[in-house]
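Hi there,

Here is the structure I promised to pass on. Have a look at it first, and then read my notes below.

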Amino acid sequence: MIVRLIDFLRDRLGLVINICYVALGLLVLWDTLFVDKGHAEFWFEKLPGFWSVFGFLACVVIILFSKWFGHLGIMTREDYYDR
């Protein structure tokens, strides 16, 4: 059943991407109109969608750091123990 769902979504990838863009826009609109920013500590917390952008950039940094760290020493060639 899950395989059929994945195939269904994969066949309609453009539609899925457009739905994600619309959902992102609605979330930023919701944040702009309905979220109380009166208790924000800093000026940048009052920007619409700040925490979404911050979270996305933090994930990108974590992924890039972990890839760099993995290639630095954790990943090794396949014949490492054969030598």
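Let's begin with a term for how much of a residue is open to the surroundings: a residue is buried if its relative accessible area is under 20%, exposed if that area is over 50%, and partly exposed in between, using a 1.4 Å probe and protein chains only. Phe50, at 19%, is buried, while Phe44 is partly exposed at 29%.

Before going on, please note that this is a predicted model, so to speak of local features we need pLDDT of at least 70 and for side-chain atom pairs pLDDT 80 or more, while totals for chains, interfaces and linings use all residues. Residues are numbered from 1 along each chain as its sequence is written, and side-chain values use heavy atoms, with hydrogens and water left out.

**Confidence**

The predictor's confidence in each residue is called pLDDT and runs from 0 to 100. The protein chain has an average of 87, and 99% of its residues score at least 70. Helices here are DSSP runs of H or I with at least four residues, strands are runs of E with at least two, and both are numbered from the N terminus.

**Aromatic rings**

Two rings of Phe, Tyr or Trp (for Trp, its six-membered ring) pair if their centres lie within 6.5 Å; planes under 30 degrees apart count as stacked, over 60 as edge-to-face and the rest as tilted. How many aromatic pairs does this rule give? The count is nine. In one of them, the ring centres of Phe44 and Phe50 are 5.1 Å apart and the planes meet at 50°, so this pair is tilted. Trp51 and Phe54 make an edge-to-face pair, with 5.4 Å between centres and 85° between planes. Both of these residues sit in helix H3 (residues 50-74), three residues apart, which is about one turn of the helix. Trp51 is partly exposed at 48%, and Phe54 is partly exposed at 46%. Ring pairs join Phe42, Trp43, Phe44, Phe50, Trp51 and Phe54 into a cluster.

**Cysteines**

A disulfide is a covalent bond between the sulfur atoms of two cysteines. Here it is counted when two cysteine sulfur atoms lie within 2.5 Å. The search of the whole structure finds zero disulfides. Cys20 is partly exposed at 48%, and so is Cys59, at 45%.

Happy exploring!
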